[in-house]
Amino acid sequence: MSQDVKEKIIEIIAEQAVLDPADVSLEQSLEELGIDSLGLVESIFAIEEAFDISVPFNANEPDQSDFDISSVSAIVKAVEGLIADQKA
Amino acid sequence: MKRVVITGAGTVNALGLDVASTLAGFAEGKNGISELNFRDVDRLAIKIGGQIHDWDAEGRFNRQQMALYDRFTQFTLVAAQQAIGQSGLEFVGELALRSGVVLGTSGGGLTTQDDNYRMVYEEGKNRVHPFVVPKLMNNAATSHVSMEYNLKGPCFTVSTACASSNHAMGQAFNMVRHGVATAMVTGGSESMLCFGGVKAWEGLRVMSKDACRPFSMNRNGMVQGEGAAVFVFEDYEHAKARGAEILAEVIGFAMTSDASDIVMPSKQGAARAISGAMQDARINASDVGYINAHGTGTAANDKTECAAVADALGAHADDIMISSTKSMHGHLIGGTGAVELLACIMALRDGIIAPTINYEEADPECALDVVPNEARDANVDVVLSNAFAFGGLNAVLALRKAP
């Protein structure tokens with residue numbers, strides 16, 4: 001897990017959750033962090049902007065998306081994958 | 001209180017450029033969704049929609065008109081011409097003073113905004129056409145209909161996102177019912193299928209890339225459409241006295257607000273609007289035979305709407321038919337309720353229930369008779385038309401067979 005990617009994603013999620021980045025742990029889900037569906041869509045937008053990637057996510061079928069959002073660490077992994085694919 | 005009847009209807013949408021071809025499309029279960037075709041479409045992730053490809057604006061309007069008519073106004077004027085033509089009304093003298101226009105739109109002259117922003121921001125031009133403002137304003141279509149047909153009574157535009165045209169028709173209904181106007185030209189129009197319009201919707205991540213499949217388990221979002229539908233709502237006694245052909249009677253209307261979330265729908269708010277429309281119409285749930293659903297094809301809307309219908313109609317919900325014609329013409333946003341009212345008129349007048357096409361898999365959370373894939377013959381006396389907008393604003397109309 002790249003430190004830069006992890007820190008940036010935690011920063012984005014913490015901002016959405018109105019928390020200090022230190023209070024966001026990798027195991028937590030967005031739901032546990034109090035992020036609702038609009039907050040999720042905004043977080044994904046912020047991630048796309050921060051890493052200049054395109055995230056395949058449709059709010060109608062979040063479970064069927066290739067982009068795993070089940071926890072903060074899952075998001076970090078998924079973003080690393082997208083960066084590797086899209087910057088290759 | 002006066003009774004209110006519909007004496008004229010007109011439309012342009014992806015299924016056809018008049019009412020006859022649109023109803024034929026409904027009856028056939030025709031798919032009006034196609035590849036989008038406009039400038040910069042290659043920069044969009046969503047590339048399908050209910051676009052009107054054979055519009056030929058230049059063939060319909062002269063140069064002076066083109067300078068003033070945004071695409072949403074063009075759609076409106078053509079639909080209004082059909083509707084007013086069918087009604088046979090001529091607005092002169094007292095009738096002109098007592099008749100008006102109330103139309104719905106969400107984006108108004110969005111293509112005009114898109115084109116002109118592109119010119120000044122992207123192309124760096126420092127001058128725009130002098131008519132940009134009168135062309136893009138949301139009330140432009142209403143005003144041009146008023147001017148074209150000499151309608152001098154109450155005229156205004158309603159903008160409540162996806163419920164705009166139902167809210168507009170509800171106002172028109174109440175104005176005629178309460179004697180404020182003798183006739184009202186009403187309905188709605190939308191032309192959001194331009195680069196900026198679709199790009200904005202993409203951001204919300206609720207659009208489908210392949211099809212609009214309302215109520216189907218595998219639905220994955222909405223598909224936009226464009227076009228207009230316009231009706232003439234008239235005092236029944238006035239219509240009867242002149243021997244006008246009556247398409248249907250409007251018998252009730254209700255609107256509610258969820259007061260909860262800017263995008264997520266609420267079962268309670270929708271159910272209150274459905275119940276309210278039935279109360280306003282003084283009918284029981286058991287009178288209703290068909291509901292034209294809002295049925296956007298999003299995960300959230302369709303299950304919430306089915307739950308709301310079940311709440312409002314009780315056990316009778318299992319006996320009614322409910323379908324979403326958005327599967328065929330797309331979601332016309334501020335114009336959608338108007339185009340969908342045509343399916344209500346078809347049900348009452350022709351005894352044909354428009355289907356929900358693209359229905360592939362049953363969803364236990366949408367366990368109503370959604371008239372999957374094929375139109376059905378049925379004799380219904382009373383129908384409802386639902387519209388539930390972003391912002392939590394709900395508007396439901398009730399119609400009955402022509403007296």
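Is helix α15(B) mostly covered or mostly exposed, and how many of its 15 residues are buried? Helix α15(B) is mostly covered, with 13 of the 15 residues buried. A residue is called buried if 20 or more other C-beta atoms lie within 10 Å of its own, exposed if 12 or fewer do, and partly exposed in between, the C-beta atoms being placed from the backbone. Helices (H or I, at least four residues) and strands (E, at least two) are DSSP runs, numbered from the N terminus.

The model is predicted: local features need pLDDT of at least 70, side-chain atom pairs count only at pLDDT 80 or more, and totals for chains, interfaces and linings use all residues. Residues are numbered from 1 along each chain as its sequence is written, while chains are lettered from A and ligands numbered from 1 in the order in which they are written.

Chain A is described first. It contains three helices and zero strands, and from the N terminus on its elements run α-α-α. The radius of gyration of chain A is 12 Å, close to the 12 Å that the globule rule gives for 88 residues, so chain A is as compact as a globular protein of that length. Here the radius of gyration is taken over C-alpha atoms, and the globule rule is 2.2 Å times the number of residues to the power 0.38. Along the principal axes, the C-alpha atoms of chain A fill a box of roughly 35 × 30 × 20 Å. Of the 88 residues in chain A, 23% are buried. Two residues are in contact if their C-beta atoms, placed from the backbone, lie within 7 Å. Among the contacts in chain A with a separation of 6 or more, 53% join residues 24 or more positions apart.

One residue of chain A deserves a separate look. Val18(A) lies in the loop between α1 (3-17) and α2 (37-51) of chain A. It has a positive phi of about 55° although it is not a glycine. Val18(A) counts as exposed because 10 other C-beta atoms lie within 10 Å.

The two chains also meet. Nine residues from chain A and eleven residues from chain B take part in the contact. On the side of chain A that touches chain B, five residues are nonpolar, three are polar and one is charged. In this grouping Ala, Val, Leu, Ile, Met, Phe, Trp, Tyr, Cys and Pro count as nonpolar, Asp, Glu, Lys and Arg as charged, and the others, Gly among them, as polar.

Chain B is assigned domain 1 (4-241) and domain 2 (255-392), with bounds that come from an automatic or database domain assignment. The C-alpha centres of domain 1 and domain 2 of chain B lie 21 Å apart. Between them, 61 residues of domain 1 of chain B are in contact with 51 residues of domain 2 of chain B. On the domain 1 side, β1 (4-13), α1 (19-28), α9 (164-177), β6 (183-190) and β7 (227-235) of chain B each supply at least two residues. That side of domain 1 divides into 26 nonpolar, 30 polar and five charged residues.

The interior comes next. A nonpolar core is a set of buried Ala, Val, Leu, Ile, Met, Phe, Trp, Tyr and Cys residues joined through C-beta atoms within 7 Å. The largest such core has 130 residues, and those with the most contacts inside it are Phe233(B), Ile274(B) and Ala277(B). Helix α15(B) gives the largest share of this core, ten residues. The core draws at least three residues from each of domain 1 and domain 2 of chain B. Apart from it lies another core, of 17 residues, among them Leu30(A), Ile47(A), Ala78(A) and Val79(A).

Helix α15 of chain B comprises residues 336-350. Its end C-alpha atoms are 21 Å apart, which agrees with the 21 Å that 15 residues should span at 1.5 Å a residue; the expected span is 1.5 Å times one less than the number of residues. Gly351(B), whose phi is positive, near 65°, follows α15(B).

Two loop residues of chain B complete the picture. Asn358(B), in the loop between β11 (352-353) and β12 (376-377) of chain B, is buried because 25 other C-beta atoms lie within 10 Å. Ala211(B) is partly exposed, with 19 other C-beta atoms within 10 Å, and touches residues including Asn358(B).

Key:
Lists of a residue's contacts leave out its neighbours within four places in sequence.
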